[in-house]
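The following paragraphs lead through a single protein chain, from its overall dimensions to individual residues.

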Amino acid sequence: MDIIRYRTSESPAVLAGVRDEGQVFRLPGVPSLAALWALPLAGIRQRVRDAAAVRSAAVPAADVALLPPVDGRTEVWAAGVTYLTSREARVEESERSADVYQQVYEAERPELFFKSAAWRVAGDGQTIAVRADSVVDVPEPEVALVINRFGEIAGYTVCNDVSSRSIEGENPLYLPQAKIYLGGCALGPAIRPAWEIADPYDLGIELTIRRDGAVAWHGQASTASLRRAFDELVGYLMRADIHPDGVVLATGTCLVPPAPFSLADGDVVTVAVAGIGTLTTGVVRGLDRIREAFGRHAEGP
């Protein structure tokens, strides 16, 4: 069963619902996903249970268009250097500050940073971008936690935390420019409820980059190599802040294509997380190209 944000061909209205056994059902009394994450976990489970039981206004899953599973005031945040692979990649790319990443990996406090507002997030089948002023750019496949306003993990989704390795590598203080821009974040295609994932520390992660129809890069890893616990990351995120409509937290990457590999215009990136879903996005380069693609996404199907 999945929690989804979607639109049907018969109406421009954006809906929150449940996808189960090839059918989609609206979540009763839930106008948005943000409103769902304002509930305690027990309330979220009850709404999902009610939708699956009542099965009102069911439509075939094939007849709906999935939208990025984030809306309203729900923000997307991210954790960095939570896997050894990520630490080694950051050390490799950094020109003057390699020791910073080594210290973050070992430190008690994790690296956390704002990634995206909901309205900027791309979804499955949509488009991500690399900056025109960057030389080396990579996708970063991650498991993302969907957290309610009370700090409870309500679900999991797939994240592509697109990053400029060359910009961050020049100076770690440039991280916001390397990470936060239009086209730099994708989520989806759906949210798997937390109570349906038996062991979140045993999830296979796969990254495939296709170029001109051929596989340009492929890698596999697992959350088993994650250094930090999910609850630990959530605890730090909520320690001195509030998220009234919940928050999505990407938990770090364990797959980084080695330099000098870089995404190129026309690439297709697929991130698959076992038990959660598969997120596929096309790649464009530069603000003009992503502005055009973003406009098409905003218009809907």
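Two strands are said to pair if DSSP finds at least two bridges between them. Helices (H or I, at least four residues) and strands (E, at least two) are DSSP runs, numbered from the N terminus. The model is predicted, so that local features need pLDDT of at least 70 and side-chain atom pairs count only at pLDDT 80 or more, while totals for chains, interfaces and linings use all residues. Residues are numbered from 1 along each chain as its sequence is written, and side-chain values use heavy atoms, with hydrogens and water left out.

The protein chain contains 8 helices and 18 strands. Its radius of gyration is 18 Å, close to the 19 Å that the globule rule gives for 301 residues, and the chain is therefore as compact as a globular protein of that length. Here the radius is taken over C-alpha atoms, and the rule is 2.2 Å times the number of residues to the power 0.38. Along the principal axes, the C-alpha trace spans about 60 × 40 × 30 Å.

Of the 301 residues in the protein chain, 54% are buried; buried means under 20% relative accessible area, exposed over 50%, and partly exposed in between (1.4 Å probe, protein chains only). A contact means heavy atoms within 4.5 Å. Among contacts between residues at least 6 apart in sequence, 74% join residues at least 24 apart.

The discussion now turns to strand β11. Strand β10 (residues 141-147) runs antiparallel to β11 and is joined to it by 7 bridges. Leu145 stands opposite Tyr156 in β11. The two strands β10 and β11 form a hairpin with 5 residues between them, and Gly151 in the turn has a positive phi of about 80 degrees. Strand β11 also pairs with strand β13 (residues 185-193), in the antiparallel sense over 6 bridges; Asp161 stands opposite Cys185 in β13.

Which residues does Ala186 touch, not counting residues up to four places away in sequence? Ala186 is found in strand β13 and is buried, with a relative accessible area of 0%. Its contacts are Val121, Ala122, Ile128, Val158, Cys159, Asn160, Leu279 and Thr281. The C-alpha atom of Ala186 is separated by 9.4 Å from that of Ser116, a residue 70 places away along the chain.

Helix α7 spans residues 230-238, and its buried residues are Phe230, Leu233, Val234, Tyr236, Leu237 and Met238. An α-helix has 3.6 residues a turn, so residues three or four places apart point the same way. The cover over the buried residues of α7 includes β10 and β11, together with β6 (75-80), β7 (111-116) and β16 (247-250).

Strand β2 (residues 15-20) and strand β3 (residues 23-26) pair in the antiparallel sense over 4 bridges, with Arg19 opposite Val24 in β3. In their hairpin, 2 residues lie between the strands, and Glu21 takes a positive phi near 50 degrees. Strand β3 is joined by 2 bridges to strand β4 (residues 59-60), and these two run antiparallel. Val24 stands opposite Val59 in β4.
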